[in-house]
Amino acid sequence: MSMSNSPPMNVFDIAGRAMSAQLVRLNATASNMANAGNVTGSAAEAYRAIKPVFESVTDTPGVSTVKVKNVVTTNAEPTKRHDPNHPLADANGDVWEAAVDGNAELVDMIETARMYQNNVQVLNTAKSLMLETIRIGK
């Protein structure tokens, strides 16, 4: 996707957009983790994990970043568990647990935090280089 009507992206735009995308990813992971273990009385009502879908944004050849195209619900099926004493159990005594893999979400959270931190480091490095260039020019 070209952004030809906007000014060219610089390192701050690129890192900032990447950080925004990672923030959406982190929020989705947090939502998934918050709903892990929740149970309902039917498979249709059970929570299913959500995931952001990213799209590359290219300004000029060799200059691109990412944006969130949309957030989708996964096709993972909730886990059916027999628990006749649970207040939400259906007529068969079954409940359905949220379709969230807590371990996978934890890995996603760590990876997202690292990517976010990498972009913070890019911004800090660019800032330091600009300040050093200004200092040299004086």
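Helices here are DSSP runs of H or I with at least four residues, strands are runs of E with at least two, and both are numbered from the N terminus. An unreviewed UniProt entry annotates residues 13-41 as "domain: Flagellar basal body rod protein N-terminal". UniProt positions follow the numbering used here, feature names are shortened, and such annotations may be inferred rather than shown by experiment.

A word on the model. It is predicted, so local features need pLDDT of at least 70 and side-chain atom pairs count only at pLDDT 80 or more, while totals for chains, interfaces and linings use all residues. Residues are numbered from 1 along each chain as its sequence is written, and side-chain values use heavy atoms, with hydrogens and water left out.

Now, helix 1, residues 11-35, is where you find Thr 29. Is Thr 29 buried or exposed? Thr 29 is buried, because its relative accessible area is 3%; buried means under 20%, exposed over 50%, and partly exposed in between, using a 1.4 Å probe and protein chains only. Setting aside neighbours within four places in sequence, Thr 29 contacts Glu 105, Asp 108 and Met 109, where contact means heavy atoms within 4.5 Å.

Val 11 also sits in helix 1, but it counts as partly exposed, because its relative accessibility is 36%. Together with Phe 12, Val 122 and Met 130, Val 11 forms a nonpolar patch on the surface, with about 310 Å² of accessible area in total. Helix 1 and helix 2 (102-137) each supply at least two residues of this patch. Patch members have over 30% relative accessible area and no salt bridge, and nonpolar side chains (Val, Leu, Ile, Met, Phe, Trp, Tyr) are joined within 5 Å, like charges within 9 Å. A salt bridge is a side-chain nitrogen of Lys or Arg within 4 Å of a carboxyl oxygen of Asp or Glu, and accessible areas come from the Shrake-Rupley method with a 1.4 Å probe, where only the protein chains shown count as cover for residues.

Three of them make an open sheet in the order 1-5-4, with antiparallel pairing. Its edge strands, each pairing on one side only, are strand 1 (39-40) and strand 4 (79-82). Strands pair if DSSP finds at least two bridges between them. Which residue in strand 5 is the bridge partner of Val 39? That is Glu 97.
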